[in-house]
Amino acid sequence: MRVALGLGRRGQGNTWPNPAVGCVIAHGERIVGRGWTQPGGRPHAETQALAQAGAAAHGATAYVTLEPCAHHGRTPPCSEALIAAGIARVVVAADDPDPRVSGRGFSMLRGAGIQVTVGVLAKEAARDLGGFLSRVQRGRPELLLKLATSFDGRIATAGGQSKWITGPGARRAVHAMRARHDAVMVGAGTVRADDPMLTVRGMGARYQPVRIAVSRRLTLPLMSQFAQTARDVPVWLIHGPDADAAAIAAWESVGAHLIACPLRDAGLDMMAAMQALGAAGLTRIFCEGGGALAASLLKADVVDRLAGFTAGLALGADGRAAIGALGLDVLSDAPRFSLEDVQAVDGDALHLWRRV
């Protein structure tokens with residue numbers, strides 16, 4: 001199952017709206033087939049592994065990270081494919097909460113006389129599949145908020161200089177993180193200040209994440225790299241009901257996809273925005289700030305994980321804060337996260353946290 005989980009991770013960032021699943025087919029300790037969900041969500045992991053195993057699948061055990069599908073879509077159900085191949089036993093890490101599947105895959109397999117075991121490495125699978133599970137169960141993608149800061153929690157000097165607080169190793173790690181997500185999100189201030197590309201570079205990536213910018217009134221420069229490359233790498237813009245009609249038309253004319261979002265407490269309703277992104281099929285979003293967007297996401301309680309890169313320098317109280325005002329008076333009201341891991345990255349520290 002650990003091998004299957006590792007295979008499933010290969011699909012992270014390029015299988016949405018489908019989950020990134022891994023499958024191993026084995027006779028005892030001898031693996032005869034391996035597969036993972038292919039880009040765009042098909043073929044599924046089970047059919048890939050069965051194709052590799054061929055006749056050797058008969059009487060074998062299939063280890064799958066998510067309950068095999070049981071519904072007809074563009075392809076037949078994976079449960080039927082496992083039955084037809086003569087698989088004797090199926091070991092599954094996690095149940096699929098999708099109402100089209102939820103338990104039906106297991107019923108089909110057991111009805112065909114196949115032994116089914118569920119829950120092997122379930123915690124690890126739930127983390128790997130967190131984005132898909134979040135979209136199905138909560139109607140929104142899983143969101144990872146990344147911050148790159150000085151030791152004292154600043155993202156730029158008082159004058160706005162931020163390149164580079166962290167080193168090249170941290171920046172390479174960020175590109176690897178982008179590659180494992182369906183979309184990269186930033187705020188309007190970041191687009192105006194940095195004119196970022198938000199693409200995966202230097203990793204040999206074949207697929208690029210969707211690039212999302214949040215701008216209530218669409219006050220984004222149309223001469224930016226972001227705009228000029230919108231037909232090459234998808235650009236989605238989240239805006240409010242008060243966005244200028246001319247700005248909407250201009251961005252649509254360069255190839256951007258516009259998503260209107262209602263207002264809440266004098267700002268964009270970020271829960272509604274995340275639900276709209278989930279409805280569009282996104283499962284995993286990597287947010288790179290800035291401070292105002294980070295604060296609005298935290299206040300909306302839609303941040304599931306944190307990734308903090310901390311550099312060994314101090315910028316002082318006049319430096320720009322990593323997160324905007326949250327309006328907290330009581331400590332117990334602060335969003336709380338639990339530490340998952342700490343790593344040294346080329347002289348900087350990476351700490352990973354998960355929402356409690």
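Two strands count as paired if DSSP finds at least two bridges between them. Helices (H or I, at least four residues) and strands (E, at least two) are DSSP runs, numbered from the N terminus. The model is predicted: local features need pLDDT of at least 70, side-chain atom pairs count only at pLDDT 80 or more, and totals for chains, interfaces and linings use all residues. Residues are numbered from 1 along each chain as its sequence is written, and side-chain values use heavy atoms, with hydrogens and water left out.

Stop 1: Select strand 17 (337–345) and strand 18 (348–355). The two run antiparallel and are joined by eight bridges. V345 has D348 in strand 18 as its bridge partner. Two residues lie between the strands of this hairpin, and D346 takes a positive phi near 55 degrees there.

Stop 2: A pocket is an open set of points on a 1 Å grid over the protein atoms alone where a 1.4 Å probe fits, with protein on both sides within 12 Å along at least five of seven lines; lining residues have an atom within 4 Å of a point. The volume of the second largest pocket is about 510 Å³, counted as the space filled by probe spheres set on the points, which are joined across faces, edges and corners. Select R180, R305, E340, L352 and R354, the closest to its centre of the 20 lining residues. Which strand gives the most to the lining? Strand 17 does, with four residues. Helix 5 (122–128), strand 6 (142–149) and helix 7 (168–179) are among the other elements that give two or more. By class, the lining has six nonpolar, three polar and eleven charged residues. Ala, Val, Leu, Ile, Met, Phe, Trp, Tyr, Cys and Pro count as nonpolar, Asp, Glu, Lys and Arg as charged, and the others, Gly among them, as polar.

Stop 3: Strand 1 (residues 22–27) pairs with strand 3 (residues 61–66) in the antiparallel sense over four bridges, and C23 stands opposite V64 in strand 3.

Stop 4: Select R140, in the loop between helix 6 (130–138) and strand 6. Is R140 buried or exposed? R140 counts as buried, at 4% relative accessibility; buried means under 20% relative accessible area, exposed over 50% and partly exposed in between (1.4 Å probe, protein chains only). The C-alpha atom of R140 is separated by 6.7 Å from that of L277, 137 residues apart along the chain. Among the residues that R140 touches, leaving out those up to four places away in sequence, are M271, D301 and D304; contact means heavy atoms within 4.5 Å. D301 lies in the loop between helix 12 (291–299) and strand 15. Although not a glycine, D301 has a positive phi of about 60 degrees. D301 is partly exposed, with a relative accessible area of 41%.

**Stop 5: two cis bonds.** The peptide bond from W16 to P17 is cis, with omega near 10 degrees. The bond from K163 to W164 is also cis, with omega near -5 degrees.
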